[in-house]
Amino acid sequence: MSTEVKVVSPAPMTVATPLKDAAAVAARINEKFANAASVVDGSLMVDSSQLVAVATLLRDDPGIGADFLEDLTSIDWPDRFEVVYHLYNLTRQEGPLRMKVRADKADPRVPSTVPVWPGADLMEREVYDMMGITFAGHPNLKRILMWEGFQGHPLRKDWKEAYFEEEKKPFDQRWPEGALVRAENRTPFKDNIVLPSGFDPTKYTPPAEDNVPLVEYNQPLSGEMKSQTLIVNMGPQHPSTHGVFRMRVRLDGERIVDLQPVIGYMHRNHEKIGERNAWLMNMPYTDRLDYLCSMGNNFGYAIAVEKLMPDIKVPERAEYLRVIMAEFTRIVNHFFALGQLLSDMGAFFTPMLYAIEEREWMLDLFEMASGSRMMCNYARFGGVARDVPPEFMPLANKLVNDRLPRAIDRFDDYIATSEIVLARAQNVGILTKEQAIALSTVGPVLRASGVPYDVRRAEPYSIYDRFDFDIPIGTVGDVYDRYLVRIAEMRESVRILKQALRDIPAGEIFAGRKGWQVKIQKGEAYGRIENPKGATGFYVVSDGGTNPYRYHIHAPSFINIGALGTMAKGHTVADTVIILGSVDIVLGELDR
Amino acid sequence: MSEDILLIVIKVAVLIVILLTVVAYTVYVERRIMARMQSRIGPNRVGPFGLLQPLADILKLIFKEDLTPAGADKVTYFLAPALAAITGLAAFAVIPFGNTIDLFGIKVNLFIADINVGLLYLFAMSSLAVYGIVLAGWSSNNKYSLLGGVRSSAQMISYELPLGLALVSVVLAAGSLSLGDIVKAQANLWFIVQQPLSFVIYFICAIAETNRAPFDLPEAETELIAGYHTEYSSLKWALFFLAEYMAVITVSATAVTIFFGGWQGPFLPGWLWFVIKLSGFIFFFTWMRATLPRLRFDQLMRLGWKVLLPLAALNLVVIAGLVAAMGG
Amino acid sequence: MLSDYLPILIMLVAASAIGIGGAVISWVAGPKQPSANKAMAYESGMIPVGTARIRFPVKFYLVAMLFIIFDVEIVFFYPWAVVYKQLHLFGFVEMLVFIGVFAVGYIYIWKKGALDWK
């Protein structure tokens, strides 16, 4: 069956746009609200007392039109907190506009922007949880990655984790006299853990009723009969939540009355660990975010950090290698996602295993290039780790020109013509264009809802402006469209790969300084790439030292999960499972 | 009755041993075939070609801890798997799986009982089977089990109707409810040729009755963990497994008996023909499991009530009309 | 006549022996180390909220009621089908009338929306 997905080629972004010119935007704001905005280091600094009004203006003013809040995070400076917003316009494909709001150190309080950008919901909760900034007016300001009752805010600079050793790696005290001593071995509960008085961790049992509210708890059900609803936890130990993800659902028979995603089970404070690490040490660490797409994560992190290394010019061959790996990663991920989706639909592992069979070939390529199949750790600041061996190109060419196009067609043929798949996937979990933008969704979820937005085209990074490819978009925004968009994206990836493998030049693959310590200039950078699951952003702040001052990841899984409740409400349990499958989450980056 | 009680007891004992073995090896064969279909190898470690795998599985299950969840209704929880297994095994009693054979000079009929309401007995047993499942789902005090049990009961009773209606037309053509007579009525022409639509309706309903893909909603593992048997462990869980595969074998055997001429066939002995036809069905069940995704509950109910039921009624009218027209 | 059913009884007894025996064997042979956590109903690793014993939505009961009505009607077809060949045209007309009654009920519940599973 030929795909019903539209293929569009929006024009690439023009250079001087309102959303990149912070000074012009600030002037426009100050016309309406006196002294509400200024420009500091190229970022728009907004007075927190007028934030909601300014945000509404930013969104609604036709000259600015920042309708898409991609990322919201925060920095803990010695004298203040800053909340950082990255804003885009999706229709004109413009951005980013970096907006900052300062908050007091003693009682950090910032107005919530959820009324303006509903997608801010989860991101504000994350900042509240990790940094302790209160968002006044947020509808459900609760901890999200940590559990309710957790003491402290782990991303603050003064917060010390259990077994804290030193601020920065390498930890000198690990080798006092040449012998390794781990902090864990010294005391079981180290002295930097603050326990509430009278609390004995060894005797703790969790309470039965946890305090995640279901919004419509008391809503009367339809019909005259007063039957009861059932609260069921799906996850964390559930076959189809793709990891330790939990959905707390209220059921009326089979129907979902309310759904609440609960996350944080795999939280490991990735960002804090990233701040302890030296710059390059984070490269293998990004592998563990979206562990199906480690090549893509490396790429994104390298791009973000290279923005702070102006004297480095990545060699041509390395750029090509990065693109080749990233596009193979997209195919790998989409195969896996579709296999998983069909498995969730009840096709007992057959499509999954067919997908994995193709995936293995590409993992072979990754292994040749990087020595590892999943945790590749391939990119470096200024190039890639090593050149590909001679047997790489023949296999890559064979896959791209022969095997993969056939495999994609076959997969599409098998699945898209199945009546049951159509019945299950069509008109299920619809996310309209407006909802998709408002909820800040990214990647295939956004495009399936009909928004032709792809970072590779909107903000071409690396050498993506050289390649000829289209952006598939859906028309309905249901599960089936998400499926079709992924299939079409794989075909586009094959197109890019054909061009890249044809044009790749010989030459150097690394232009940086060899060694684990690199010189990063003071400043901040937001580097993002179009990872298979959606735009993955790395926001790095450098104080000129050996380690990042702030290292934040905009994870597509995390953002897209915010739209799950909207998509699932009113559907059945079975639908919810495939809606989740169609969002395609990976817990490694969802919980970070 | 020409056979004495001793012979019947021996026959029952042998049949049950055979059935248990067949179930165990159906599981094995299913795993192997599905592995092939999914470019895997499947169980191949225990014994040659993994042939002892079912034995190892059963032994393992015997020595697993038998858990009863807190808040479970203990008696019901204990009896539910037994009930499921009993109905599953007992249903096979009326299936004629071969012609009369000579064994050490004694004439042995290859069926346990050829009663005059054989078909109704099969219905009765498959209706009772739903009790095992729904009681298991309810007594576990587990929400997934409850949902699975309720789904299952709604599904099984909904498909019971078109299934019953589809077989009326066969009864009409054969003029008897006895399965032995139905087999003999197909000596010249199998009912599959005469009434293909009846067979299609019957088979779709039979898959739904056995809770197999694409109608495996009661134990949809991607939705309800394991459905009604989520809480069961040890041999009690194995009894549900036994019941499920017995149901597959029984509905396949019924399909063979009613639509494919039963044990009749040229050259080979009757029981071998029966086994061959039965294997074909079991392969088909496996094939579907490896191929088809699952329907959603409302789609399943719509298919049963709004498509299959009127279709079965229409089919009956047409067949009855044809039989009447041919001066039946 | 009744002796036809003797083998069925023996089969039922044997099947019961397997069913109950299996449940008993696992209870006897398996290890027993009960604990509160093990006995907890499985809810994806969470401590269950509330009980599973609730008043379930009424539409499931509706299915059961419809089933009983229609199942009884279908059972009436069987004796008719067995003797159909002796009834000739009379039987056919008779059946059409019965199917008509059946259809009226069916159309009624369809129109009432009882078959719309929401």
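1. Let's start with two strands in chain A. Strand 4 (68-76) and strand 5 (81-89) of chain A are paired in the antiparallel sense, with 8 bridges between them. If you want a spot to look at, find I75(A), which stands opposite E82(A) in strand 5 of chain A. Bear in mind throughout that this is a predicted model.

2. Now zoom out to the sheet around that pair. Reading across, the strands of chain A come in the order 2-3-6-5-4, giving an open sheet of 5 strands with mixed pairing. Which strands sit at the edges? They are strand 2 (37-40) and strand 4 of chain A, each of which pairs on one side only. From one strand to the next, the twist averages 30 degrees.

3. Helix 3 (120-131) of chain A lies across strand 4 and strand 5 of chain A, and runs at about 5 degrees to strand 4.

4. How is chain A divided into domains? The domain assignment gives domain 1, covering 6-136, and domain 2, covering 270-590. Taken over C-alpha atoms, the centres of domain 1 and domain 2 of chain A are 26 Å apart. Where they touch, domain 1 of chain A puts in 25 residues and domain 2 of chain A puts in 29 residues.

5. Stay with the domain 1 side of that contact for a moment. Strand 1 (6-8), strand 4, strand 5, strand 6 (94-103) and helix 3 of chain A each give two or more residues to the side that touches domain 2 of chain A. Strand 4 of chain A gives the most, with 6 residues. Sorted by class, this side of domain 1 of chain A has 14 nonpolar, 5 polar and 6 charged residues.

6. Chain A has another sheet worth a look. This open sheet of 3 strands has the order 15-16-17, and the pairing is antiparallel.

7. Strand 16 (residues 534-542) and strand 17 of chain A run antiparallel and are joined by 5 bridges. F538(A) stands opposite I553(A) in strand 17 of chain A. Helix 6 (residues 294-306) of chain A lies across strand 15 and strand 16 of chain A, running at about 150 degrees to strand 15.

8. On to chain B and its helices. The axes of helix 4 (residues 118-139) and helix 5 (residues 143-174) of chain B come within 8 Å and cross at roughly 170 degrees. Angles over 145 degrees count as roughly antiparallel, so that is the description for helix 4 and helix 5 of chain B. Their contact divides into 13 nonpolar, 8 polar and 1 charged residues.

9. Helix 10 (residues 234-259) and helix 11 (residues 270-291) of chain B pack at an angle of about 125 degrees, with axes 9 Å apart. Helix 10 and helix 11 of chain B are therefore oblique to each other, and their crossing is right-handed. From helix 10 of chain B, the residues taking part include V248(B), A253(B) and V256(B), while F274(B), L278(B) and F281(B) are among those they meet in helix 11 of chain B. The contact has 9 nonpolar, 1 polar and 1 charged residues.

10. Chain C has a helix pair to check too. The axes of helix 3 (59-82) and helix 4 (84-112) of chain C come within 10 Å and cross at roughly 170 degrees. That makes helix 3 of chain C roughly antiparallel to helix 4 of chain C. L66(C), E73(C), W80(C) and A81(C) in helix 3 meet Y84(C), G91(C), M95(C), F102(C) and I109(C) in helix 4 of chain C. By class, that contact has 7 nonpolar, 1 polar and 1 charged residues.

11. Finally, the contact between chains C and B. Here 56 residues of chain C are in contact with 67 residues of chain B. Helix 1 (6-29), helix 2 (36-39), helix 3 and helix 4 of chain C each supply at least two residues of the chain C side. Which helix of chain C gives the most to this side? Helix 1 of chain C does, with 18 residues. The chain C side that touches chain B divides into 40 nonpolar, 9 polar and 7 charged residues.

Key
Residues are numbered from 1 along each chain as its sequence is written. Chains are lettered from A and ligands numbered from 1 in the order in which they are written. This is a predicted model: local features need pLDDT of at least 70, side-chain atom pairs count only at pLDDT 80 or more; totals for chains, interfaces and linings use all residues. Axes are lines fitted to C-alpha atoms, for helices over the stretch in contact, and angles run from 0 to 180 degrees between N-to-C directions. Helices (H or I, at least four residues) and strands (E, at least two) are DSSP runs, numbered from the N terminus. Angles under 35 degrees count as roughly parallel, over 145 as roughly antiparallel, 65 to 115 as roughly perpendicular and the rest as oblique. A crossing is left-handed if the near helix is turned anticlockwise from the far one by less than a right angle, and right-handed if clockwise. Two residues are in contact if their C-beta atoms, placed from the backbone, lie within 7 Å. Ala, Val, Leu, Ile, Met, Phe, Trp, Tyr, Cys and Pro count as nonpolar, Asp, Glu, Lys and Arg as charged, and the others, Gly among them, as polar. Two strands pair if DSSP finds at least two bridges between them. Domain bounds come from an automatic or database domain assignment.
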